[in-house]
Amino acid sequence: MSGLQDLYREIILDHYRAPRNRGELPVPPAHLVEGFNPLCGDEVVLYLEVEDGVVTDVKTAGQGCSISQASTSMMSAAVKGKPVDDARALIRAFKALMSIHESKLEGAEETDLSADLEGVRLGDLEALQGVVKFPVRIKCATLAWNVLQQGLDETAAESEA
Amino acid sequence: MSATTSTLDVARIQADFPILARTVNGKRLVYLDSASSAQKPEAVLAAMDRIYRESYANVHRGVYTIAEEATAAFEAARTKVARFIGATDSREIVFTRNATEAINLVAYSWARANLREGDVIVLSHLEHHANVVPWHILRQERGVEIRWIPITADQRLDLDGLDDLLDGAKLLAITAMSNVTGTIVDVAGLAARARAAGAHVLVDGCQAVPQMPVDVHAWDADFVAFSSHKLLGPAGIGALWARAELLEAMPPFMGGGEMIRDVTTEGFLPNDIPWKFEAGTPAIAEAVGMGAAVDYLQAIGMDTVRAHERALTQYALDALADRFGDRLTVYGPAGADDRGGVISFLFDEIHAHDVSQVVDEEGVCVRAGHHCAKPLMRQLGVPATTRASFGVYNDRADADALVEALAKAEAFFAI
């Protein structure tokens with residue numbers, strides 16, 4: 001099961017079995033955002049507290065496969081207490097790790113993903129790199145990050161309004 | 001083939017399906033996803049290849065020899081498909097892209113011409129999205145009311161309140177077999193009650209038509225939708241069977257070539273049925289392939305197919321219960337008598353998607369997800385299940401391979 005060991009690294013299974021930052025935050029002041037993977041029914045719910053440009057608290061709920069839920073857990077641990085700018089850099093870096101070229105369809109030159117990865121410490125998140133070998137599971141891994149991105153965008157829009 | 005139900009010689013059947021000779025991850029391919037799409041026998045591949053190599057031309061247009069041959073093959077396929085489901089008039093078979101398009105054809109043509117605001121459509125909680133969303137769209141547009149037949153704890157239809165649900169209904173749109181739980185629906189019984197209430201009857205035959213003998217007149221249906229790709233035929237073609245008098249009265253669905261008798265700058269006259277509903281160049285080779293697929297199944301005999309599905313499903317249900325007991329929840333009716341060759345299940349602690357991934361490592365192909373039946377999944381209270389489904393080419397060794405692969409998945413994710 002060598003391919004499987006790449007996909008289901010021990011640290012991923014650890015986050016799946018003992019997810020970090022599970023729970024809820026009062027809304028408001030926290031911002032609630034959810035995302036679904038319509039193909040397999042994965043659900044990620046994120047409670048996001050952003051103050052003065054810093055992600056002060058994160059809680060997660062939802063259900064889904066080990067990859068989606070482990071990715072959610074790792075994401076919450078990685079961005080909690082971090083400046084929003086750092087969180088956005090992590091989102092870009094994580095998508096680069098998943099080999100997602102955001103501009104590929106627009107006919108642009110293939111973007112250099114290493115630029116997005118440079119200077120960003122992925123830590124535990126690197127364990128998710130094995131997902132790239134299983135293309136249909138990439139959506140499971142990126143769901144939490146898309147939800148985070150949406151949450152950060154929405155809180156930014158709210159604070160401007 | 002004798003007239004009585006005979007036992008299927010699965011080894012001989014397997015030899016007819018070239019894809020079954022390949023391996024996955026070094027393991028024998030164990031294909032258990034026929035409810036999603038079935039594999040194709042050599043006879044289907046050869047028929048499609050032959051039409052392209054020897055007789056390919058557009059249909060119903062040219063007068064030259066190969067155009068005549070292509071047209072004859074295309075229309076012969078229509079007749080085969082009609083006979084396969086007990087239709088007596090091949091004009092009652094409209095070729096569509098798939099079953100989804102067949103149901104949409106009824107929703108866009110018949111329903112928009114016949115249903116008004118407040119009219120009632122009755123569906124069930126077993127339905128596939130293909131038999132749900134077209135009616136949601138109609139509700140948004142026309143303000144029709146949708147009522148739902150509930151299900152029991154073992155995912156059969158709960159018919160206690162059926163007469164109230166059917167009261168004033170214009171259409172009952174119902175699956176003949178659930179694609180998630182395999183539940184076989186008593187279509188004839190439901191249709192009789194729907195008719196008594198004055199409703200028309202549409203049947204989603206996607207799962208039933210490939211797995212059991214189907215007679216649209218015995219069902220007393222008005223519309224039956226089914227696809228080719230679950231029927232051992234190619235994807236890209238399906239069929240709507242409808243009573244000729246209904247098709248005659250229905251307005252065209254899509255406009256274009258083939259579906260017209262005459263076109264002027266002022267308007268058009270539609271073609272006769274069924275071509276009135278077949279705008280544009282159809283999927284010619286696919287129709288021929290679908291005809292070859294029903295030939296193949298008819299040579300086996302649908303009673304034999306059903307007996308095979310039933311025996312194999314019971315074997316698999318027993319094997320799963322023996323090995324995993326309460327740790328594995330199996331959905332649907334308890335025995336194989338009331339279910340087709342479809343088994344949905346869930347381990348308490350392992351997500352369906354992860355199970356599917358691990359068993360793929362063993363060459364076992366099963367579906368994980370909501371199976372395009374989210375209303376049913378909500379009733380089950382789960383986001384996803386893993387589903388194994390059987391075709392004529394599956395045998396006990398495949399069911400055993402599933403059980404062994406699931407045991408590996410359980411061990412892999414053991415806490």
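# Close-up views of a predicted two-chain model

**View 1. B:Cys206 sits in the loop between β8 (200-204) and α8 (208-211) of chain B.** Helices (H or I, at least four residues) and strands (E, at least two) are DSSP runs, numbered from the N terminus. The model is predicted: local features need pLDDT of at least 70, side-chain atom pairs count only at pLDDT 80 or more, and totals for chains, interfaces and linings use all residues. Residues are numbered from 1 along each chain as its sequence is written, while chains are lettered from A and ligands numbered from 1 in the order in which they are written. B:Cys206 is buried, with 29 other C-beta atoms within 10 Å. A residue is buried if 20 or more other C-beta atoms lie within 10 Å of its own, exposed if 12 or fewer, and partly exposed in between, with C-beta atoms placed from the backbone. Not counting residues up to four places away in sequence, B:Cys206 touches B:Ala99, B:His128, B:Asn179, B:Phe226, B:Ser227 and B:Lys230. Two residues are in contact if their C-beta atoms, placed from the backbone, lie within 7 Å. B:Gln314 is 108 residues from B:Cys206 in sequence and 21 Å from B:Cys206 in space, C-alpha to C-alpha.

**View 2. Chain B has 15 helices and 17 strands.** Its C-alpha atoms fill a box of roughly 75 × 55 × 40 Å, taken along the principal axes. A compact globule of 415 residues would have a radius of gyration near 22 Å, and chain B agrees at 22 Å. That radius is taken over C-alpha atoms; the globule rule is 2.2 Å times the number of residues to the power 0.38. Of the 415 residues of chain B, 51% count as buried. Take the contacts in chain B between residues at least 6 apart in sequence: 72% join residues at least 24 apart.

**View 3. Chain B is assigned domain 1 (10-31 + 301-412) and domain 2 (45-299).** Domain bounds come from an automatic or database domain assignment. The centres of domain 1 and domain 2 of chain B, taken over C-alpha atoms, are separated by 28 Å. At their boundary, 25 residues of domain 1 of chain B are in contact with 22 residues of domain 2 of chain B. On the domain 1 side, the elements that give two or more residues are α12 (302-324), β14 (342-347), α14 (374-380) and β17 (385-389) of chain B. The largest share of that side, 5 residues, comes from α12(B). By class, the domain 1 side has 11 nonpolar, 7 polar and 7 charged residues. Ala, Val, Leu, Ile, Met, Phe, Trp, Tyr, Cys and Pro count as nonpolar, Asp, Glu, Lys and Arg as charged, and the others, Gly among them, as polar.

**View 4. The largest nonpolar core has 176 residues.** Such a core is a set of buried Ala, Val, Leu, Ile, Met, Phe, Trp, Tyr and Cys residues joined through C-beta atoms within 7 Å. A:Leu148, B:Leu172, B:Val203, B:Leu240, B:Val288 and B:Leu402 touch the most other members. Helix α11 (residues 284-300) of chain B gives the largest share of this core, 10 residues. Domain 1 and domain 2 of chain B both give residues to this core, so the core lies between them. Leaving aside neighbours within four places in sequence, B:Leu402 is in contact with B:Val30, B:Leu32, B:Ala316, B:Val364 and B:Ala388.

**View 5. Chain A has 6 helices and 3 strands.** Along the sequence, the pattern is α-α-β-β-β-α-α-α-α. Buried residues make up 38% of the 161 residues in chain A. Of the contacts in chain A with a separation of 6 or more, 67% come from residues 24 or more positions apart.

**View 6. Helix α3 (residues 66-79) of chain A has 14 residues.** The expected span of a helix is 1.5 Å times one less than its number of residues. For α3(A) this should be 20 Å, and its end C-alpha atoms are 20 Å apart, which agrees. Of its 14 residues, 13 are buried, so α3(A) is largely enclosed by the rest of the structure. A:Gly81 follows α3(A), with a positive phi near 85 degrees.

**View 7. Helix α4 (residues 84-97) of chain A has 14 residues.** The buried residues of α4(A) are A:Ala87, A:Leu90, A:Ile91, A:Ala93, A:Phe94, A:Lys95, A:Ala96 and A:Leu97. A:Ser99 follows α4(A), with a positive phi near 60 degrees.

**View 8. At the chain interface, 14 residues of chain A are in contact with 12 residues of chain B.** Helix α1 (residues 2-7) of chain A gives the largest share of the chain A side, 3 residues. That side has 7 nonpolar, 5 polar and 2 charged residues.
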